[in-house]
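Biologist: I am new to this structure and would like to learn how to read it. Could you take me through some features, one at a time?

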Amino acid sequence: MTQPEPTPVTGRPVVLRNGTVLTMDDAGTILPDADVLVVDDRIAAVGPALEVPEGTQEIDARGGIVMPGMIDTHRHMWQTAMRGYGADWTLTQYFVWYYLEHGRKFRPQDVAAGNRLSALESLEAGVTTTVDWSHGLQSVDHAEAAVSALRSVPGRFVLAYGNIQAAPWEWTADPAVRSFLERHRDSADGMLGLQLAFDVTGDPSFPEKAAFEVARDLGLPVTTHAGVWGATNDDGIRLMHEHGFMGPETVYVHAASLSPDSYHRIAATGGSISVSTESEQSAGQGYPPTWQVRRHGIPVSLSMDTSVWWSGDLFSAMRTTLGADRSREHFEAHLKGDTVTQLELRAEDVVRWATRGGAATLGRDDLGSLEAGKKADVVLIKNDASPVSFPVLNPYGHVAFQAQRGDVHTVLVDGRVVKHAHALVDSDLPGVRREIEDTVEHLRSELGEETWVAGMHPDLPDPKLLDNPYQYTDYKSEGTHAAREQVFEEHLANER
């Protein structure tokens, strides 16, 4: 019987041996039966039969796929305590619940609990860098709690500071907020970055200008929900462009209901789009835009948005993005009486968006690929107990369509093994569970049981069934059945 590998000890070199290595380098190199050597926080070498330093710990990657850590560029981590609560919400119901009614009931410890759970969830699924689109920071105490929670988990994170309970030109003008941003900006160490997170309404007076000026003064990128049907539109993009606030560091989340003019402005200024396909398909921001965006040459990254509705892993993001893009391609062709015979978007593209795309979005050229000298954020996909783990014929197709979070065997972040043999390393899940239970109990008590249950089960619309010209009788009705029996008996009597 094969003995399980011991969990590698922090501080010693690690080599993943004999896996199929998706380097995600510029040439898209795939190396069969190859090794990845990690020394300290860096990838020291990639290739077959590597010589390694004495004392190097080995991880058997045979039959598995070794790839860069995935990067999620937009996730409302603070909402994770409400996992699945809004599964049947529309975007309007989400806005009402969080923005207007109940979002302000989250205490600092509730934000911390959601962040900590979401951070572990990311690592467990091979997402080594996550942008915390943290628009629940209604006070600096909330922000400090958010950062403390992220710092307590050994992953890479970006705190995108936001506050849906106040206008962006108000909270960015708060001296306490500015002090917080300056302090954490100056203490950045590669494991925690900063952005400003706010939306642009399209108001002709452009009140968001003041917030953009703060971001520019602090040297912080802006991430914004753009092209969200009924909320943000082309006017916001035009105002940003006319006032000079669009640049390569700007991230446009969703961008699902914009005109070609807006896409041209984004492309011309070098910005990128974070696509959350599961969100756009279900909530109604607009059709997932990759089928348009790729024609404008705009860089793309992937994101999961929030666990209030959807899954928290990028395998789902890759799969649904391929499906939505291809579905639209077929649909557009069918409208013209045509047939698609060659698909434009490939599995390799979405794997690249989940890795290199995220790194480019964050301006981190030291992440996103397995190349010597880059940061050692590495994922091994391997599950010998699963019949879906073999054969691995097309590695990109396997990652995009076959693999799941349960197939993530090992995860390294900054050279540290944070998951091994399908289990997180040194994580206090029972403690996190207690924090989450406290948050749920608090919110449930604050809302009251009737409101709590109603929020989870929104009203159904009135059913609107089309008239069916082929439905002559109601075959389910007992009365109708009896009537048919009578007609049948009369028919037999007439025949006699």
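Predicted model: local features only at pLDDT ≥ 70, side-chain atom pairs only at ≥ 80, totals over all residues.

Biologist: Where does Glu329 lie, and what is it in contact with?

Modeller: Glu329 lies in helix H11. Helices (H or I, at least four residues) and strands (E, at least two) are DSSP runs, numbered from the N terminus. Contact means heavy atoms within 4.5 Å. Setting aside neighbours within four places in sequence, Glu329 is in contact with Arg294, Val340, Gln342, Leu343 and Glu344.

Biologist: Which residue forms a salt bridge with Arg294?

Modeller: That is Asp325, with the closest N and O atoms 2.6 Å apart. This pair links distant parts of the chain: Asp325 is in helix H11 (residues 314–335), and Arg294 is in the loop between helix H10 (290–293) and strand E13 (300–302), 31 residues apart. Asp325 is buried because its relative accessible area is 0%, whereas Arg294, at 22%, counts as partly exposed.

Biologist: How many salt bridges does the structure hold?

Modeller: It holds 34. In one of them, the side chains of Arg364 and Asp366 meet at 2.9 Å, N to O, and both Arg364 and Asp366 are buried. In another, Arg444 meets Glu449 at 2.7 Å, N to O. Arg444 is partly exposed at 36%, and Glu449 is partly exposed at 42%. Salt bridges that share partners also join Asp41, Arg42, Arg156, Lys375, Asp377 and Asp414 into one network.

Biologist: Let us turn to rings. How many aromatic pairs are there?

Modeller: Rings of Phe, Tyr and Trp (its six-membered ring) pair if their centres lie within 6.5 Å; planes under 30 degrees apart count as stacked, over 60 as edge-to-face and the rest as tilted. The whole structure has 24 such pairs. One is Trp78 with Phe106, edge-to-face at 5.0 Å centre to centre and 80 degrees between the planes. Trp78 is in the loop between strand E6 (70–75) and helix H1 (91–102), and Phe106 is in the loop between H1 and helix H2 (108–124), 28 residues apart. Trp78 is buried at 0% relative accessibility, and Phe106 is buried at 1%.

Biologist: Why does the pair of Phe212 and Phe245 count as stacked?

Modeller: The ring planes are at 20 degrees and the centres 5.0 Å apart, so this pair is stacked. Phe212 belongs to helix H6 (residues 209–218), while Phe245 is in the loop between helix H7 (234–242) and strand E11 (251–254), 33 residues away. Phe212 counts as buried at 2%, as does Phe245 at 8%.

Biologist: Last, which residues of helix H8 are buried?

Modeller: An α-helix has 3.6 residues a turn, so residues three or four places apart point the same way. In H8 (residues 260–269), the buried ones are Ser262, Tyr263, Arg265, Ile266 and Thr269. Seen down the axis, they fall within an arc of 160 degrees (taken from the directions from the helix axis to the C-beta atoms), so they line one face of the helix. These buried residues pack against H7, E11, strand E12 (272–275) and H10. After H8 comes Gly270, with a positive phi near 80 degrees.

Notes
Residues numbered from 1 in each chain as written. Heavy atoms only, no water. Buried < 20%, exposed > 50% of the residue type's maximum accessible area, 1.4 Å probe, protein only. Salt bridge = Lys/Arg side-chain N within 4 Å of Asp/Glu carboxyl O.
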